[in-house]
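Look at the sequence and the model below.

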Amino acid sequence: MLFKDTFVDHPSDITHRGRILTGHRPTGPRHIGHLVGTLENWARLQGSYECFFLVADLHVLTTDYDHPARIQANILEVVADWLAAGIDPARSTLLLQSALPEHPYLMALLGMLVTVARLERVPTYKEQAQQLNLQPSLGLLSYPALQAADILLYKATAVPVGEDQLPHVELTREVARRFNQTYGHTFPEPEALVSRLPRLPGVDNRTMHTSYGNAILLKDTPEDTTRKVMSMYTDPTRLHATDPGHVEGNPVFTYLDAFDADEARVEALKAGYRAGQVGDVEVKRHLAQALNDYLAPLRQRRAALMTRLDDLRDVLRAGTYRARGLAQATLAEVQVKMGLR
Ligand code: TRP
């Protein structure tokens with residue numbers, strides 16, 4: 001069992017280890033990779049950190065500025081998924097980036113301390129610039145500077161992120177250091193908290209991505225889920241159910257390890273699969289059932305939330321309002337130190 005031990009109950013006397021700021025770009029509904037890799041971890045961290053969860057809608061525009069129609073709906077989808085996965089607005093602050101002008105303002109000020117050459121070396125920028133057919137924009141180049149502003153505005157001490165985001169946290173630490181050296185101690189150097197869990201592959205064994213059509217979404221119906229599982233990539237070397245099968249690197253078994261609480265059953269399936277006694281269809285049927293069982297309570301909470309969209313908006317509005325006081329205080333401090341007030 002790789003991903004179990006989630007949703008532990010938190011003691012009411014929260015021991016604050018510091019402040020977290022993390023977030024997602026609202027690119028669409030969240031999938032099971034987000035759940036086991038990220039959201040279950042965030043939900044747990046609420047017990048020991050003061051948490052800020054950012055809906056980074058400005059960041060969406062860095063690559064998708066020409067699809068404005070989708071953003072508003074995606075914001076609510078993401079908030080619904082977060083809450084259904086255990087993000088608790090009574091304990092944590094959910095905030096909307098574009099509603100707080102302090103974010104881009106702080107980016108503009110921190111931008112004085114970051115060279116263009118440094119930003120051009122960020123691996124995510126290099127990749128995106130290669131993939132885009134257009135000349136990369138100023139917005140794309142400054143993506144990590146905006147992320148640094150998101151984090152430093154709240155003086156976060158820890159940033160739980162996936163491995164792909166580490167270069168952005170590293171840049172944030174450099175900016176904090178340079179600011180502190182120049183103007184006196186102001187920002188903690190935030191620490192990246194990287195999830196050690198292996199990444200869940202998509203149903204086609206590529207990286208799981210909403211835009212690749214290979215993701216099982218938290219909002220999918222049990223029927224959608226079963227259909228996707230039954231079409232999953234398995235062991236390409238196995239032509240007949242009686243051929244010995246490979247379990248390692250087979251996404252069906254990676255999923256079973258993650259979602260089937262019955263470890264003895266999973267081990268028995270693995271043994272049978274290796275021996276050529278258990279076929280793909282049988283394993284997939286087990287998986288579809290296990291996955292739907294695992295997701296059922298979350299999906300029930302999510303369906304209830306989606307009937308109360310005004311409440312979802314209120315959660316984000318209230319969190320953004322709460323965040324604003326801190327954001328304004330930090331920005332004012334930075335303005336004074338940089339000679340603007
Ligand atoms: N870049 C992050 C991602 O794509 C999203 C993000 C924006 C973020 N601002 C942040 C993550 C601040 C952590 C902290 O996943």
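How far is a nitrogen atom of the ligand from an N or O atom in the side chain of Q165? The distance is 2.9 Å, which falls under the heading of a polar contact (a pair of N or O atoms within 3.5 Å). The protein buries 93% of the 360 Å² that the ligand exposes when taken alone; these areas come from the Shrake-Rupley method with a 1.4 Å probe.

This is a predicted model, in which local features need pLDDT of at least 70 and side-chain atom pairs count only at pLDDT 80 or more, while totals for chains, interfaces and linings use all residues. Residues are numbered from 1 along each chain as its sequence is written, and side-chain values use heavy atoms, with hydrogens and water left out.

An N or O atom in the side chain of D150 is 2.7 Å from a ligand nitrogen, and a polar side-chain atom of Y143 lies 2.7 Å from a ligand nitrogen.

Helices (H or I, at least four residues) and strands (E, at least two) are DSSP runs, numbered from the N terminus.

β4 also pairs with β5 (residues 191–194), in the parallel sense over 4 bridges; strands pair if DSSP finds at least two bridges between them. One of the bridges joins A158 to E191 in β5.

Key
A polar contact is a pair of N or O atoms within 3.5 Å; within protein, one must be able to donate a hydrogen and the other to accept it, and residues adjacent in sequence count only if both atoms are side-chain atoms.
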